Amino acid sequence: MLQKKVCLLGSFSVGKTSLIAQFVHGIFGEKYLTTIGVKIDKRRVTTEKGETTLVIWDLNGQDDLQKVRLANLRGSSGFLFVVDGTRPATLNVVLELDALVQREMGALPRLLLLNKCDLQDEWLLEASRVEELRAAGWHVKRTSAKTGEQVAEAFGALAEMMVR
Amino acid sequence: MGDAEEKEALERLRRLLLSPEQARLTELDADLSEPARLAAHLRKALPLAVKQSAGAESRLGQALAPILEEVIQTTIRRNPRLMAEILYPVIGRTVRKAVWEAWSQLIQTVNGALETRISFKSLKWRWIAWRTGRTFAEIVLAQTFVYRVDQVLLIHRESGLLLGHETRATEVAKDKELVSAMLTAIQDFVRDSFDIAEETPLGALEVGGLKVWIEQGPKAYLAAVIRGNPPAELHAVLRDTLEQVHFEFEPVLQDYRGESEDFATVGQFLLGAMRYERQVGEEGSGPWYALALGLVPLFLVSWFGFYSFQTRHRLAVIQGVLDATPGYHIVAVRDRGNYLKLEGFRDPLASPPGVVLGPLADRYQWLEAELTPYIALHPSLVLKRARRSLAPPLSVRLTLNRQGRLSAAGGADAAWLARFEAGAPLLAGVTAVDARDVVVLKTRSELLVAELTAWELRFEVDQAELSEEQTAEIAMVAAKVAELNSISRAQNEILVVEIQGFTDASGSRTHNQELALRRAESVRAAFVTRGIPPDVFRVKGFINAVAGGDRDRRILLAIQFQQP
């Protein structure tokens, strides 16, 4: 039985919390996010190495890099970065966060989630931009917290990357 | 015969016949007319007269009463203190009796009140029991402990992942993986919010009757969830547990990758921290009124069920604790009602079972230990044995690695080094020796200086008085100071020993400054009573800025030589 710590990072209201809400088991309410800045949930996934428990640290929106609490990131085996596809600026925040994580902790398994893919009409993230990211080595998944599209797959993919 | 002659003859005859009576009469007359003589007679007769008169009709009493009353009144008026003194023993007893009667009445009232209160309480407990689906006895138990460690979580410090977890079977544990991560997050939050240094351990959280005590280690920390009011000694228990875990799991802790298998056996160590202490007197205060409610059978059934479960659980915990203690191999633990019987093996260097079990064995009147001595190869005992047989100077630190390599480091004389190299490989459990870090000190005074500067004396929190143990240790060190002093005198140098007292960072600065000095002063006083001249010593106080635990509260010595 493996346990892995995973951090969920991204701007305010990109849908991090609702993204995982229906896929995880949790006992702590959202008030923890606003009070201590972290909410912990877990999800059990099956990987090629067997059962793995992901302990997911949902961190409060980090638009101001100065305010990222590094202690919360430590000991993490992987990262889920979340972008709001209708707000391209949220991608810049994620890229900065990623640079910070790489600087502090080195290269670790990470996944980029382009959320709110159900809002096709308002989607502003260009396909070419996404291709650039893939070319730069990002694993990208289009997700929807609303429909649940690709969310479970995202956890599974990150888990496989982490146990490898 | 003449008339006169006849008269005289008669008189002589009368005197002859009556003279004894005459004398007696004269005496009686004197007795009656001379008060002193009358008193002497009355003194003999009066007690008897009073006694007889008191027996029959108490006319004497009646006659005397007014006189006595008057006498008493006069006496009290004239000298009230005398009367008070005379009556004091009587009054004291009377008052005490009255007070005691009033007191026991009060106690009865209070008892009554308490019983009704307890009956309310017991109804509340029943309600809780019904609501939570636990037995009434469990609830009573949970509410009647002075303290009880309900859960122990061993948490990886960096990631907040759960490494090990022990809980009482009676406790419903919430999702422990989430709790351990959240505890870690909360600590990060507190440290960040109040600008506390990273290394500073967060000691405790408290919510209602529930306490979470946190003991920090370098790689992992221990969180104990406690009900009630735990004693300060519990900190030491937690610390010991954590140190043991760090020792046993050092390689996996070094590079933890989330594999639970690595910590599969950690539970036996955590069990040792599951201490508890019951509230005195509440046990068995059977609520008789429950009889009226017809609940006694229910209570008894659940109690007995729980009792036997509790006994088995307790024995398992005791066996677990002993087995996890180096130097014990327990074959059987038996509950014999009022005593506990242990069977198995014990290394004579291991702590006695009573000490290891602590409050776990409190409910038994005595321990019967049938423990055959054996030599345990647990590293801590191998090290203890090595320290005993090799008797290293204070300046040498002996360590043993997991492969059984015994290393010595620090200053020693050549003779000791030779003894170490010859003797250490012969010790059971030592597979290799390493003396590369031993510095050979040529002179006796060099060795003494090295020993004295390596020595430290630790203190309990806010404590400056020396315990018996500390005093004994100081006696051993004082002999070395005295020896160094006489050597330096012979070499025409003046020995100066600076006694440095340290405190930890908790508490106010002024208090700590004063405490540090008091520690140094009490050590100085102990040295001086051992015959070392007071002018050898200087005292200084220091406060450690960053908390580092136990090592903060101590005494160190600094040695200097001055030219006269």
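## Aromatic pairs

In this predicted model, the count over all chains comes to 10 aromatic pairs. One of them joins Phe81(A) and Trp138(A). Their ring centres lie 5.5 Å apart. Their planes meet at 85 degrees, so the pair is edge-to-face. The cut-off for that label is an angle over 60 degrees. Phe81(A) belongs to strand 5 of chain A, residues 78–84. Trp138(A) is in the loop between helix 5 (127–135) and strand 7 (140–142) of chain A. The two parts are 57 residues apart in sequence, so the pair ties them together across that separation. Phe81(A) and Trp138(A) are both buried.

A second pair is formed by Phe249(B) and Phe263(B). Here the ring centres are 5.2 Å apart and the planes are at 25 degrees, so the pair is stacked. The stacked label needs planes under 30 degrees apart. Phe249(B) sits in the loop between helix 7 (233–248) and helix 8 (250–254) of chain B. Phe263(B) sits in the loop between helix 8 and helix 9 (267–271) of chain B. The two residues are 14 apart, and the pair links distant parts of the chain. Phe249(B) is buried, at 5% relative accessibility. Phe263(B) is buried too, with a relative accessible area of 3%. Ring pairs also join Phe249(B) and Phe263(B) with Tyr256(B) and Phe269(B) in a cluster.

## Charges over rings

In chain A, the charged end of Lys5(A) sits over the ring of Trp57(A). The distance to the ring centre is 3.6 Å. In chain B, Arg554(B) lies over the face of Phe502(B), at 5.9 Å from the ring centre. The distance cut-off for such a placement is 6 Å.

## Around Phe502(B)

Phe502(B) is part of strand 14 of chain B, residues 494–503. Its relative accessibility is 13%, so Phe502(B) counts as buried. The limit for buried is under 20%.

Leaving out residues up to four places away in sequence, Phe502(B) touches Ala516(B), Arg519(B), Phe542(B), Asn544(B), Asp552(B), Arg553(B), Arg554(B) and Leu556(B). Arg554(B), one of these contacts, is the residue placed over the ring. Phe502(B) and Leu517(B) are 15 residues apart in sequence. Their C-alpha atoms are 8.1 Å apart in space.

## Interface of chain A and chain B

Contacts across the interface involve 25 residues of chain A and 24 residues of chain B. The size of an interface is often given as the accessible area lost when the parts come together. Chain A and chain B bury about 2,200 Å² between them. Carbon and sulfur atoms account for 61% of that area.

The interface holds 2 salt bridges. One of them pairs Lys42(A) with Glu177(B), the closest N and O atoms being 2.8 Å apart. On the side of chain A that touches chain B, the elements giving two or more residues are strand 1, strand 2 (25–26), helix 2 (31–35), strand 3 (38–47), strand 4 (50–59) and helix 3 (70–73). Strand 3 of chain A gives the most, with 6 residues.

## Chain A as a whole

Chain A has 6 helices and 7 strands. Along the sequence they follow the pattern β-α-β-α-β-β-α-β-α-β-α-β-α. Of the 164 residues in chain A, 55% are buried. Among chain A contacts between residues at least 6 apart in sequence, 72% join residues at least 24 apart.

## Positive phi outside glycine

Ser13(A) is not a glycine, yet its phi is positive, at about 50 degrees. Ser13(A) lies in the loop between strand 1 (2–10) and helix 1 (16–21) of chain A. Its relative accessibility is 51%, so Ser13(A) counts as exposed. The threshold for exposed is over 50%.

Asp462(B) is also a residue other than glycine with a positive phi, near 60 degrees. Asp462(B) is in the loop between strand 13 (456–458) and helix 16 (468–490) of chain B. At a relative accessible area of 43%, Asp462(B) is partly exposed.

Technical notes: Residues are numbered from 1 along each chain as its sequence is written. Chains are lettered from A and ligands numbered from 1 in the order in which they are written. This is a predicted model: local features need pLDDT of at least 70, side-chain atom pairs count only at pLDDT 80 or more; totals for chains, interfaces and linings use all residues. Side-chain values use heavy atoms; hydrogens and water are left out. Helices (H or I, at least four residues) and strands (E, at least two) are DSSP runs, numbered from the N terminus. Buried means under 20% relative accessible area, exposed over 50%, partly exposed in between (1.4 Å probe, protein chains only). Contact means heavy atoms within 4.5 Å. Rings of Phe, Tyr and Trp (its six-membered ring) pair if their centres lie within 6.5 Å; planes under 30 degrees apart count as stacked, over 60 as edge-to-face and the rest as tilted. A charge sits over a ring if NZ of Lys or CZ of Arg is within 6 Å of the ring centre and within 35 degrees of the ring normal. Buried area is the accessible area (1.4 Å probe) that two parts lose on being put together, summed over both. A salt bridge is a side-chain nitrogen of Lys or Arg within 4 Å of a carboxyl oxygen of Asp or Glu.
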